[in-house]
Amino acid sequence: MCGIMGYVGPQEAAPIIMDGLKRLEYRGYDSAGVAVSNGTIDVRKAEGKIAGLVALLDEKPLEGTVGIGHTRWATHGVPSDLNAHPHTDPTGDFVVVHNGIIENFQTLREELEAGGSVFTSQTDTEILAHLVAQEYDGDLAAAVRKAVERAEGAYALVVMTKREPRKIVAVRKISPLVVGLGDGETFLASDIPAVLHHTRDFLIIEDDELVTITEEGATVETITGDPVDRDVLHVDWDPGQAEKGGFEHFMLKEIHEQPTVITETLGGRLDEDGTAWLEDVEFDDDFARGLDTVWITACGTAYHAGLVGREIFQRVLRLPTIVEYAHEMRYSDPMVKEGDLTIAISQSGETADTLAAARLAAERGTRMLALTNVVGSTLSRYADDVLYTRAGPEISVASTKAYIAMLIGQYLLALRLGVARGSIDRDRATEISHGLNHLPAQVEEILENDEAIVEAAQAIVDADDIYFLGRGLDYAVAMEGSLKLKEISYLHSEAMPAGELKHGTLALITEGVPVIVVVTQRATYDKTISAVQEVKARGGKVVAVAYDTDTEIEKFAEIVLRIPETDDLLAPVNAVVPLQLLAYHVARLRGHDIDQPRNLAKSVTVE
Ligand code: M6R
């Protein structure tokens, strides 16, 4: 998730672009760059936060009134000056910035290299500059159209050329893009907040649309060249609201980003038949076949993602899978060994305990795979293999979209290993692949229907203690739901396997005590319902998370949070969403600082 800016008008472009990039820095911040057109095209770029680029521009200023800029959150290629955008074609006449992922970039790169192209970066974006230049025949919009015809994946692509110096062309598929309409000047950006202090009138560019901006305004067309008559959106948000995309909190914004995060994390990595292509996962099929034990180590929400992973790997690989809190594993003299795979999961890739546990596992000869959201993070640097989730920067301390991306990463890994080992057949791999591809739309459906979740929040907001139950995968989700609730609502909550209730905790269930039960797994449905009945018999208030096809559950639960039915193996992705929203609404009703809960930090880099 990167940030994009563009400007055409009477003013110097570089300061306007830099100001916009600073406002977009929350979208990604490993490097940044700007290009300005002024007879020639001049580019400045620097690794690190925007401050590095500011210093470079002080030293080597740019002059010109047309320009584009970018702040990067790496997906292909480490953060570096060379990999920073903008990227140019070999002549330097064409320059591009891009947000998104070009899924067939390897194939395109090989084709271009076979034709003599030489690339200077490791990015998927640079090929787009080459493609546009190759397709150019006097009309930039036509060249961009032809270039993206060859590209698969997600993109907001912005292109400038010195051959048509007073215009910028941009095209969108999945990744966001807006046009700001000023008086004699026009802006392009990933997000409204970047240009809100220049204008309040916007055109929202939709998927498969192309826009050409000049100082006179913008022309929107479909990717096939049909004119689009887009209404102007007048925005009266305050700047703080705007940074959150109109949402009241980053947490809510990030919850709503989850359909896109799933799409992006899967992007280009999964064939219909369940074959997974994981670019930085380098073990071969022999390693997969010889695998003895899978270890997963992590903390907090990442550990809960690992609990889901344990079930996935055991079911798909039929191998023992051990999940350990990193702070426990590092002191427990674990019997991890050569021939094992240790998966260290961490959104930040900087959690001190997770780094220590991963290092210990690696020292004992295991292969170490980092499942992380941050390209170039410490964890990714000492892993043998890396699987990057593509959640984009997560601002809210309470992790939501990063968790969903960790689940998707583990499904992909399970398919990679399971197909190689032959522990699942092609039909099952195909089923899982289809199920995964349906998840973005299903999560969207949950987000659009949150009335029951608000009702449940009102029902539990004054409780002293709240219990979460589930079995197997549902238990793993219950653990995450409970953590989410306690960290932002400050209510005491506890999750346990449904079968454990009667071994002690049942003594705490009295009239009106809320019990939230996740009940998606068909194989254990009746068993979980038995625990629910034990709760009901003591007057507990049952809230259930269940499939929309479950016709029985209303007999047992006072409130049902419905989720679309899916393959049981994939149910955690849908089931966690109502629990994230429940935590959010309870915390909001209680008036808490949702994005920065007391006593907690986003990244725990101390032991
Ligand atoms: O960056 P990491 O994924 O390694 O962070 C691990 C935990 O600190 C983190 O998940 C924490 O539990 C979150 N605040 C949960 O919302």
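**Ligand shell and sheets in a predicted model**

Reader: Which residues come nearest to the ligand?
Author: Around the ligand there are 14 residues, where a residue counts as near if one of its heavy atoms lies within 4 Å of the molecule. This is a predicted model, in which local features need pLDDT of at least 70 and side-chain atom pairs count only at pLDDT 80 or more, while totals for chains, interfaces and linings use all residues. Residues are numbered from 1 along each chain as its sequence is written, and side-chain values use heavy atoms, with hydrogens and water left out. Of the 14 residues, those that come nearest are Ser346, Gln347, Ser348, Thr351 and Glu487.

Reader: How far is an oxygen atom of the ligand from an N or O atom in the side chain of lysine 484?
Author: A polar contact is a pair of N or O atoms within 3.5 Å; within protein, one must be able to donate a hydrogen and the other to accept it, and residues adjacent in sequence count only if both atoms are side-chain atoms. The side chain of serine 348 has an N or O atom 2.6 Å from a ligand oxygen, and a backbone N or O atom of valine 397 lies 3.1 Å from a ligand nitrogen. For the side chain of lysine 484, the distance to a ligand oxygen is 2.9 Å.

Reader: What percentage of the ligand's exposed area does the protein bury?
Author: Accessible areas come from the Shrake-Rupley method with a 1.4 Å probe, and for residues only the protein chains shown count as cover. Taken alone, the ligand exposes 420 Å², and the share of this that the protein buries is 90%.

Reader: Which helix gives the largest share of the shell around the ligand?
Author: Helices (H or I, at least four residues) and strands (E, at least two) are DSSP runs, numbered from the N terminus. Two or more residues of the shell come from each of helix H10 (300–317) and helix H17 (473–489). The largest share, 3 residues, comes from H10.

Reader: How many residues does the hairpin from S12 to S13 pass through?
Author: Strand S12 (residues 209–214) and strand S13 (residues 217–222) run antiparallel, joined by 6 bridges. Within this pair, glutamate 209 has threonine 222 as its bridge partner in S13. The hairpin joins S12 to S13 through 2 residues.

Reader: Where is proline 86 found?
Author: Histidine 85 and proline 86 are joined by a cis peptide bond, with omega about 0°. Proline 86 belongs to the loop between strand S4 (66–72) and strand S5 (87–88).

Technical notes. Two strands pair if DSSP finds at least two bridges between them.
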